[in-house]
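Here are my notes for your review. Please read them with the model open.

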Amino acid sequence: MNRFLIRKVAVLGAGVMGAQIAAHLVNCKVPVILFDLPAKEGPRNGIVSKAVDGLKKLKPAPLGLAEDAVMIEQANYDEHLDRLGECDLVIEAIAERMDWKLALYQRIAPALAPHALVASNTSGLSITQLSEVLPESIKPRFCGIHFFNPPRYMALVELINTPATKPEVLDQLEAFVTTGLGKSVVRANDTPNFIANRVGIAGMLATIKEAQTYGLSYDVVDDLTGKKLGRASSGTFRTADVVGLDTMAHVIKTLQDNLADDPFFASYATPPVLSALIDKGALGQKTGAGFYKKVGKDILRLDPEKGDYVPAGGKAEAIVERMLKKPAAERLKLLRESSNPQAQFLWAILRDSFHYAAVHLEAIADSARDVDFAMRWGFGTRQGPFELWQDAGWLQVAQWVKADIDAGKALSQAPLPAWVFEGPVAKAGGVHTPEGSWSASRQAFVAQSQLPVYQRQHFRESVLGSGAAVALQSGQEIFKNEEVRVWTLDGEVLIASITAKLHLISPTVAEGLMQALEHAEASYQGLVIWSPDEVFSAGANLEALMPIFMKSGAKGIAPEMKKFQDFMIRLRYAQVPVVSAIRGIALGGGCELALYCSRRVAAMESYMGLVEVGVGLVPGAGGLTYIARRAAEMANAANAGADIMKFATDGFTNAAMAKVGTSALESRKLGYLLWSDIVVPHKDELLFVASAQVKAMFDSGYRAPAKALFPVAGRSAIATIQGQLANMRDGGFISAHDFHISTLIAEVVCGGDVDAGSLVNEEYLMRMERERFCALLEHPKSQERIMGMLQTGKPVRN
Ligand code: NAD
């Protein structure tokens, strides 16, 4: 086996992107050295140090765990150039200037390891031109690696080769970026701004122009071009503010400097309003003003006619909003035929986007799929332009676009390419087919990349029309009820997928999972709890318990809670390994479900916590019992006489304050993942990794943990905690009801009114949980919290 190893990465440039890329490498356990110019004054690593410090405060957080900032090694080109020799991959992310980048390459070339890959994070400069100053020996190992801001959260990475790049270099990098960093790769041609920024920025420019034509204000445009249109919620102008208007101007300039022959060249002119804002230093969010400005709590928008900011908040008209809710074909027809200016505006920008994508496909991308993925992963749209076009009816939309071009309404006179109307695309009714997606340069449908790394994604993201397998209709179904589907892909590992809304755990879900467990024990190596969508579980389904509560009060709920708890015990002591595959939120009962599995694999973006306090309750399905048991285990591991209280305190605090991990790494720090659990960078590899864990555990002769008594901290610890809670209550930091609930939590975590070191079992603690949970259900203040959450989705503070 010829392994490709990335033992360490150097990132050159500690600016917005470089520092955040370094942070994400740390998230993914990749050792990293971050370089920048030496500071002119003070410590020579000053520029890098400041950037690393900034990472801890930046929102959204680039680091999974803020304190991990120390893992970024700091360096400058004057003192530490030789350290580049330690790195297998060098990512350059310095300012977007060809001359500066070239000068830096010349400087670093002699210090590089002879096998190291070198890649530029340029937004759109020519990769081939950048490679020209490199020695011949480095050229085959050079390429573009274009991350999107913020790199931890944006899925897209565009990889760009030069004619000299060795194909295996890109293949290896694609595997590393996918499995190692959890990003989704699109290969882009070496054309200005590559794919996503080329299409995306042209779309923003078109939007600015059409908004002016139809006389719409920025806030209305953002409301129209955000979530309602299936795009990122920040719409158009707020997205520009977030990206930075100077950065946007750079990208536009790359279009202007390099695309004189482009039939859309005229539409690349910098909008005067953008130049005016930049001249004033209003660069968007980072300078506090751009198209919008925040004053106190108020959001103002620029009124270009007044040249001043006015209150924002304009919204789409209800009639247009209704049109946007229709299926694609009807939606586009309604928008196009409506005389409402907002509807006409939307048709115009959609038409412009179809026109632009079709005309440029041949030059910028290998296939229409790459364009659609680039827009989905890099700009957060639900569908890319080709998918939407196909969804709405290929030939019909093509004729509408053509009619507008002929009537001089489009941004360019360039006709749609011939392949739109005739040949395989017209015949197939679109660019995406089960055979593959249309490649205008190859005049054929091309299949998705078959690199080995994609065997790790059982259900890869796919485009509309590709006929890709749908997880919840795949494999062999063993059984299903209304809220759980139990199935298998290989006859060895059983999969339970919760299908309920937000995967809320109701008695039906618990019953389905229990049955799954029984099947797994009877005939499989083990069970994976995994669903294809974005949440693991938002918690217990309180609404489902409501009828029982209405009929018999808390007394009626106690046996239901006991069933949940019995199920948790059943899970923990199952005869086969049960692995939960977590992604997104795992809260309350969802977190407990994960905790009682034999192992957890969690996507980097997993948010776990026991949040029951928010609805005036205590965790009631084993969460507190888990904290108590873990405290005993940790104390025991520390040394025989260790104070359990010390280990229980953190768990208590996390539950009492309803803390939620803001990443898998932080969830682990809160104690909801163990060191033996696995953090998976790419969400689409979760099922693969979870199944691999089941098989490995089975093959290793899995036995359930031994059922044993364990010591608790007892009444003295409760008294200590209560003393601290009383101070917080008297100081006005927590309410009387918070004090009450926290005390109940402390009681369970410490094992109740017993001596320190008393031995208990899980059933004993679960009974304590259950009693307190049910008592709180009857408490008016808790009822207020529950009703508030059910009605508004927001916690009530009382
Ligand atoms: P930035 O201005 O925040 O940071 C640039 C860094 O380069 C600074 O730390 C600076 O000290 C360093 N630098 C400046 N001149 C230099 C020189 N002559 N030699 C060595 N270092 C020098 O820029 P950024 O936004 O992080 O962009 C960096 C790269 O990433 C650019 O190529 C940009 O196009 C690209 N990019 C930016 C974004 C974005 O949203 N900001 C997104 C994707 C890609």
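The points below cover aromatic rings, charges over rings, cysteines and backbone geometry.

1. Basis. This is a predicted model: local features need pLDDT of at least 70, side-chain atom pairs count only at pLDDT 80 or more, and totals for chains, interfaces and linings use all residues. Residues are numbered from 1 along each chain as its sequence is written, and side-chain values use heavy atoms, with hydrogens and water left out.

2. Aromatic pairs. The whole structure contains 20 aromatic pairs. Rings of Phe, Tyr and Trp (its six-membered ring) pair if their centres lie within 6.5 Å; planes under 30 degrees apart are stacked, over 60 edge-to-face, and the rest tilted. Trp389 and Trp394 are stacked, because their ring centres lie 3.9 Å apart and their planes meet at 5°. Trp389 is buried at 0% relative accessible area, and Trp394 is buried at 2%. Here buried means under 20% relative accessible area, exposed over 50%, and partly exposed in between (1.4 Å probe, protein chains only).

3. The cluster. Trp438 and Phe445 make an edge-to-face pair, since their centres are 5.3 Å apart and their planes stand at 70°. Both residues are buried. One aromatic cluster takes in Phe354, Phe386, Trp389, Trp394, Trp419, Trp438 and Phe445.

4. Charges over rings. The criterion is NZ of Lys or CZ of Arg within 6 Å of the ring centre and within 35 degrees of the ring normal. Arg460 sits over the face of Tyr454, 3.9 Å from the ring centre. Arg729 places its charged end over the ring of Phe739, at 4.2 Å from the centre.

5. Cysteines. There are 0 disulfides, taking a pair of cysteine sulfur atoms within 2.5 Å as the cut-off. For Cys28, the nearest cysteine sulfur is that of Cys87, 17 Å away. Cys28 is buried, at 12% relative accessible area. Cys591 has its closest cysteine sulfur in Cys597, at 11 Å, which is too far for a bond. Cys591 is also buried, at 0%.

6. Cis peptides. Most residues other than glycine have a negative phi, and most peptide bonds are trans. The Lys59–Pro60 bond is cis, with omega about -10°. Pro60 lies in the loop between helix 2 (46-55) and strand 3 (72-76). Helices (H or I, at least four residues) and strands (E, at least two) are DSSP runs, numbered from the N terminus. Asn149 to Pro150 is cis too, with omega near -5°.

7. Which is His503, buried or exposed? His503 has phi near 55° and is buried, at 1% relative accessibility. Lys29 has phi near 65° and is exposed, at 75%.
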